[in-house]
Amino acid sequence: MFDWVLRNARISDDAVRVDIALQNGLIAAIEPAGGDLAEAETAEKRDLNGRVLLPGLVDIHTHLDKTYSTLENKSGTLGEAIQVWHKHREHRTASQIQQAAERALQNAIQNGVTAMRSHIDIGTPNDLLPVEILLDLRQKYATLIDLQFVTLGTAADKPEWAAGMREALDMGVDFVGGCPALCKDPKAEIDAAFVLAEETGKPIDLHVDETEDPNMISLEYLAEKTIKTGMQGRVTAGHCCSLGFVDDEVQRRIIGKVAEAEITIVTLPSCNLVLMGRTISPAPRGTTPVKKLLAAGVNVCAASDNVGDPFNPFGSYDLLQLANLNAHVAHMTGKTELYESLNMVTQRPRISMGLGDGSIKVGNQADLVIVDCTQKLEAILAPPARLATFKQGKLIVETEVQTKWH
Ligand SMILES: [Zn+2]
């Protein structure tokens, strides 16, 4: 007997409807609608009436420890965001951090997000309260969302900060993080991340080159270091904005190295449209060259980054809206490109997070979202309501949409 049969679902671009059976957390069968599965023995069933079923959405770059702190950044610059944040950071209470992170997780799950990676600011070993809180939340939400964490600190500048990151990694944080372009010596910061990765056996996820300065291309050094240390496929680089400000030849050279190093690139269009280009006229978009990276075979993902904090006042952990924004910003408007932007918040980040290929096929984990539209392309053109989210084959949240005309 199956746990669920979802009838009359659309999972691809064509008009064909399918019935899908879920069992023991996995997709157990997919058949054309109206076949044997329609009458199969099942604990629960639901008729989608031709609505679209998507793989669970993935938010591969967030900041759960900063979110919903609602602090004003008057200039909108990255510099003021950092200043405002550090002033506030020391005075936060445990319940403030926990409540905001839970609100974020619940919003994400309601929006169909079934996996997320969050960076966590790390200070000294005595300053790991956010790590403790988020590790507890990972347990509390374990049946609802896969959570991975990254240490966001500066390991090279001060030994006590490296000690704080080491401690956080020992406690269970999954990735070595950092922000090389904002440190005195970006290369030393990248080296320090690789030292921690080697010591702990953990992969790397860095904030890279979040600047409009074409001379700040630490991404190239990161790619070279990745290849030299045999870390191919185990490094993620978020932002990479300055790659969009160098000339074509330099861009080609760096992108070639990034592809060879198998680095996952994460574009963060909402946050970077807010922060970048504040002092440049005409104002640029400020995002990484997504289409050129994809064309070179790089795994490029899109994610929320900051939501409701001094770095970015916008956002709601709605990854379909984010994929829609990415398609605008990266000029991905052809049909194939639109589907690729959808992949950037579903299959691509899932692969990078080591959670399988994320496609809807027999044997894959049943992380699925029913969306309120009847053509797959609509899911990205005009993000519809998420009607129900399944995590490992269990229905975890439903939303009802009702319109009344008078
Ligand atoms: Zn970030």
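# Legends to close-up views of the predicted model

**View 1. The two domains of the protein chain.** The protein chain is divided into domain 1, made of residues 2–55 + 359–398, and domain 2, residues 57–352. The centres of the two domains, taken over C-alpha atoms, are separated by 31 Å. This is a predicted model. In the protein chain there are 13 helices and 16 strands.

**View 2. Overall dimensions and packing.** Taken along the principal axes, the box filled by the C-alpha atoms of the protein chain is roughly 65 × 50 × 45 Å. A compact globule of 406 residues would have a radius of gyration near 22 Å, and the protein chain, with 21 Å, agrees with this. Of the 406 residues, 50% are buried. Among contacts with a separation of 6 or more, 74% are between residues 24 or more positions apart.

**View 3. The contact between domain 1 and domain 2.** The boundary is drawn between domain 1 (2–55 + 359–398) and domain 2 (57–352). Domain 1 gives 15 residues to the contact and domain 2 gives 20 residues. On the side of domain 1 that touches domain 2, the elements giving two or more residues are strand 5 (52–55), helix 13 (378–381), strand 15 (386–391) and strand 16 (394–398). Sorted by class, this side of domain 1 has 10 nonpolar, two polar and three charged residues.

**View 4. The open sheet with strand order 3-2-1-4.** Four strands form this open sheet, and their pairing is mixed. Strand 3 (26–32) and strand 4 (42–47) stand at the edges with a single partner strand each, so one side of each has no neighbour in the sheet. Direction ignored, neighbouring strands of this sheet are turned by 20° against each other on average.

**View 5. Strand 1 and its two partners.** Strands of a sheet pair through backbone hydrogen bonds, in a parallel or an antiparallel way. Strand 1 (residues 2–9) runs antiparallel to strand 2 (residues 18–23), and four bridges join them. Val-5 has Ala-21 of strand 2 as its bridge partner, and Leu-6 stands opposite Ile-20 in strand 2. Strand 1 and strand 4 run parallel and are joined by five bridges. Here Phe-2 stands opposite Thr-42 in strand 4.

**View 6. The open sheet with strand order 5-14-15-16.** This sheet has four strands, and the pairing is antiparallel. Strand 5 and strand 16 are the edge strands, each pairing on one side only. From one strand to the next, the twist averages 25°.

**View 7. The pairing of strand 5 with strand 14.** Four bridges link strand 5 and strand 14 (residues 368–371) in the antiparallel sense. Across this pair, Leu-54 stands opposite Val-369 in strand 14. Strand 5 (52–55) also gives two or more residues to the side of domain 1 that touches domain 2.

**View 8. Helix 10 and the residue that follows.** Helix 10 spans residues 319–329, and its buried residues are Leu-319, Leu-320, Leu-322, Ala-323, Asn-324, Asn-326 and Ala-327. An α-helix has 3.6 residues a turn, so residues three or four places apart point the same way. Just after helix 10, His-331 has a positive phi of about 55°.

Definitions and conventions:
Residues numbered from 1 in each chain as written. Predicted model: local features only at pLDDT ≥ 70, side-chain atom pairs only at ≥ 80, totals over all residues. Rg over C-alpha atoms; globule rule 2.2 N^0.38 Å. Buried ≥ 20, exposed ≤ 12 C-beta atoms within 10 Å, placed from the backbone. Contact = placed C-beta atoms within 7 Å. Pairing = 2+ DSSP bridges. Axes fitted to C-alpha atoms, helices over the stretch in contact; angles between N-to-C directions. Domains from an automatic or database assignment. Nonpolar A, V, L, I, M, F, W, Y, C, P; charged D, E, K, R; others polar.
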